[in-house]
Amino acid sequence: ATSGVVQGEFTQDPRVRLIQKPNGGKASALNEGITQARGEILIGLDADTLFAPETVGQLVRHFADPTVGAVAGNIQVGNQVNRLARWQALEYITSQNFDRRAAAVLNAISVVPGCVGAWRAETVRSVGGYQTDTLAEDADLTWRVRRAGWRIVTDKEALAHTEAPEKLTDLLKHRFRWTFGTLQVLLKH
């Protein structure tokens, strides 16, 4: 009932525009948003993620540099309700955030996460937007932006709190999608 909530809560807010379309997958929905976007910067935010109040400002400040095509934010687990979620919180700190900062030093960030990332709109449009031939559309877009010659940076202060899987079966499905999608992107590029 998301569209009903948006209509009920934000009808009078000129900053909010509700766009509805038949379900065609995440990449299709993102591309519809890109098509209708009017700004110069696109911000990615997943439905299960909350931004810290300063996150948007932290992300967009990097676009003052005309060589920057995308900015990766800092993902943290927001639902540390059991051991599995707390383990993922530690994993996000080490394997995603530390690794991404090291990759940034080498100008080698391999994925701008869909749940907290910013993109120069002209860049995304010039490389064809999100594509549907992998399960890791954010990683695929990141690789295409890099191959087009744009710099990709990260911002550790651009915080996003996401919901991590709380059950082992959900975690396995989640990681299978990540792993298989990453392999698809590697084979593609």
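Helix 4 and helix 7 are roughly parallel to each other, a term used for angles under 35 degrees, with over 145 counted as roughly antiparallel, 65 to 115 as roughly perpendicular and the rest as oblique. Their axes come within 11 Å and cross at roughly 25°. The axes are lines fitted to C-alpha atoms, for helices over the stretch in contact, and the angles run from 0 to 180 degrees between N-to-C directions. The structure is a predicted model, in which local features need pLDDT of at least 70 and side-chain atom pairs count only at pLDDT 80 or more, while totals for chains, interfaces and linings use all residues. Residues are numbered from 1 along each chain as its sequence is written, and side-chain values use heavy atoms, with hydrogens and water left out.

On the helix 4 side, Leu 84, Trp 87, Gln 88, Glu 91, Tyr 92 and Gln 96 take part in the packing. They meet Leu 168, Leu 171, His 174, Arg 175 and Trp 178 in helix 7. Contact here means heavy atoms within 4.5 Å. Helices (H or I, at least four residues) and strands (E, at least two) are DSSP runs, numbered from the N terminus.

Helix 7 covers residues 168–188, 21 residues in total. From its first C-alpha to its last, helix 7 reaches 30 Å, close to the 30 Å expected at 1.5 Å a residue; the expected span is 1.5 Å times one less than the number of residues. Leu 171, His 174, Arg 175, Gly 181 and Val 185 of helix 7 are buried. Seen down the axis of helix 7, these buried residues fall within an arc of 130°, so they line one face of the helix. The arc is that of the directions from the helix axis to the C-beta atoms. An α-helix has 3.6 residues a turn, so residues three or four places apart point the same way. On the other side of helix 7, Leu 168, Thr 169, Leu 172, Lys 173, Phe 176 and Leu 187 are exposed. Buried stands for under 20% relative accessible area, exposed for over 50%, and partly exposed for values in between (1.4 Å probe, protein chains only). The buried residues of helix 7 pack against helix 4 (83–105) and helix 6 (137–147).

Helix 6 and helix 7 pack at an angle of about 25°, with their axes 9 Å apart. These two helices are therefore also roughly parallel to each other, and helix 6 passes helix 7 in a right-handed crossing. The contact is made by Ala 139, Asp 140, Trp 143 and Arg 144 of helix 6 and by Val 185, Leu 186 and Lys 188 of helix 7. Lys 188 is partly exposed, with a relative accessible area of 30%. Leaving aside neighbours within four places in sequence, Lys 188 is in contact with Gln 131, Asp 133, Thr 134, Asp 140 and Arg 144. Lys 188 and Asp 140 are 48 residues apart in sequence and 8.5 Å apart in space, C-alpha to C-alpha.

Asn 79 is found in the loop between strand 3 (68–77) and helix 4, and at 5% relative accessibility it counts as buried. Apart from neighbours within four places in sequence, Asn 79 is in contact with Ala 85, Thr 162, Glu 163, Ala 164 and Glu 166. Asn 79 and Glu 163 are 84 residues apart in sequence, with a C-alpha to C-alpha distance of 5.6 Å. Asn 107 lies in the loop between helix 4 and strand 4 (117–120). Asn 107 has a positive phi of about 55° although it is not a glycine, and is partly exposed, with a relative accessible area of 35%.

Thr 35 and Gln 36 belong to helix 2. Thr 35, in helix 2 (residues 26–36), is exposed, with a relative accessible area of 61%. Thr 35 and Phe 98 are 63 residues apart in sequence and 34 Å apart in space, C-alpha to C-alpha. Gln 36, also in helix 2, is partly exposed at 27% relative accessible area. Beyond neighbours within four places in sequence, Gln 36 is in contact with Arg 17 and Ile 19.

Key: A crossing is left-handed if the near helix is turned anticlockwise from the far one by less than a right angle, and right-handed if clockwise.
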